[in-house]
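I had a structure to look up today and kept some notes as I went. Here is the thing itself.

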Amino acid sequence: MRLSSILNGQHFGNLAKVHGIVTYKLSPFEQRAFAGAISKGLPNMVRRFRSNVFIVTPPFILGYLIYDLTERQHTALLRKNPADYANDE
């Protein structure tokens, strides 16, 4: 069975008639995209940052400390021991 025979020539936006529900739409050209972006958006961003900084930061600090310790240990293991070559001439 083809999909076009089910749809009867209609498109997906017009498949059903809805009665008793009122919808309102505002044109995208009439909306203010950045309304309240500075007066409400910046304080909200600061609040969200302050609430999450102590949750997100400790794992990153721990990861950095582990990485730094590992790199230092790797660099130390790459060096030769000068005492092994003290008697060479």
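Below are my entries, in the order I wrote them.

**Ground rules.** I'm working with a predicted model, where local features need pLDDT of at least 70, side-chain atom pairs count only at pLDDT 80 or more, and totals for chains, interfaces and linings use all residues. Residues are numbered from 1 along each chain as its sequence is written, and side-chain values use heavy atoms, with hydrogens and water left out.

**Overall.** I looked up the secondary structure and got two helices and zero strands. These are DSSP runs numbered from the N terminus (helices are H or I, at least four residues; strands are E, at least two). Of the 89 residues, 1% count as buried. Buried means under 20% relative accessible area, exposed over 50%, and partly exposed in between.

**Helix α2.** Where does α2 bend? At Val53, by about 50°, taken as the angle between axes fitted to the seven residues ending there and the seven starting there.

**Salt bridge.** I searched for a Lys or Arg side-chain nitrogen within 4 Å of an Asp or Glu carboxyl oxygen, and the count came to one. Asp68 pairs with Arg72, with 3.2 Å between the closest N and O atoms. Both sit in α2, four residues apart, about one turn of the helix. An α-helix has 3.6 residues a turn, so residues three or four places apart point the same way. Asp68 is partly exposed at 23% relative accessible area, while Arg72 is exposed at 57%.

**Tyr64.** I found Tyr64 in α2, which covers residues 37–78. Tyr64 is exposed, with a relative accessible area of 52%.

Note on methods. Buried < 20%, exposed > 50% of the residue type's maximum accessible area, 1.4 Å probe, protein only.
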